[in-house]
Amino acid sequence: MRFLKWTAIVLAILATGVWFAASFVVQNGAESFFANLAKEGRVAAAPGLSVGGFPTRMDLAMTGVKFLDPQTGEGWELPELHLSVPSWKPWHLTAELPASQTLTLTAESVPQEITVTSDGLAASVRVSPDIAVGLQEITAGGAALEAVSSLGWTVGAADLRARLLIDANDSRTYALTLDGRDIAPDASLARALAAV
């Protein structure tokens, strides 16, 4: 009985040490990622960056997230972004996006800002623990989605889900599923699409 007790204590200490070592690697990796983008001449920042989730998850929380390419003017701004992986399944990454985010795009030298609002917008990426297999699945979706452009168009959906599933036997074969409810494109956007 005493042996089992001490074995459990040792395993708990080891698991705790592994989690804190992994959290240190994750935080340093995230900081290096933003620093490397800045060295390449891009604007990349996440002033608030922390790791939590002990002991069952590895959660990376970022606030004030900003990516910008000064050459094109294109960028992505989010007040917060949460990335998470279970401790026992680190090959399954989930991302929770904020209720509002801004994309800056340029098409034919015309910049536009697109504000995207949503409820529960999230995405996940699942890879195989076998490195040779690689990517297995990507999912994304949310409710009450709306995109409003500074150029005057709007598009929305009550619910929108997407799933990309890679064939386990052939990575060049995949199934893409889109599921939407109450999709409401802007009238001018609908006319433009109809004309294509």
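**View 1. Polar contact between the side chains of E137 and R163 in the predicted model**. The two side chains approach to 2.5 Å in this polar contact. E137 belongs to strand 8, which spans residues 135-149. With a relative accessibility of 13%, E137 is classed as buried, because the limit for that class is under 20%.

**View 2. Surroundings of E137**. Leaving aside residues up to four places away in sequence, E137 touches S124, V125 and R126 as well as R163, L164 and L165. R163, one of these residues, is also the polar partner of the E137 side chain.

**View 3. Aromatic pair of F33 and F34**. The structure as a whole contains 7 aromatic pairs. F34 is buried, at a relative accessible area of 8%, whereas F33 is partly exposed, at 43% relative accessibility.

**View 4. Aromatic pair of F33 and F67**. F33 also pairs edge-to-face with F67, with 6.4 Å from centre to centre and 70° between the planes. F33 is located in helix 1 (residues 2-39) and F67 in strand 3 (residues 57-68), so this pair ties together parts that lie 34 residues apart in sequence.

**View 5. Aromatic cluster that includes F33 and W76**. Ring pairs join F33, F34, F67 and W76 into a cluster.

Terms used: Residues are numbered from 1 along each chain as its sequence is written. This is a predicted model: local features need pLDDT of at least 70, side-chain atom pairs count only at pLDDT 80 or more; totals for chains, interfaces and linings use all residues. Side-chain values use heavy atoms; hydrogens and water are left out. Helices (H or I, at least four residues) and strands (E, at least two) are DSSP runs, numbered from the N terminus. Buried means under 20% relative accessible area, exposed over 50%, partly exposed in between (1.4 Å probe, protein chains only). A polar contact is a pair of N or O atoms within 3.5 Å; within protein, one must be able to donate a hydrogen and the other to accept it, and residues adjacent in sequence count only if both atoms are side-chain atoms. Contact means heavy atoms within 4.5 Å. Rings of Phe, Tyr and Trp (its six-membered ring) pair if their centres lie within 6.5 Å; planes under 30 degrees apart count as stacked, over 60 as edge-to-face and the rest as tilted.
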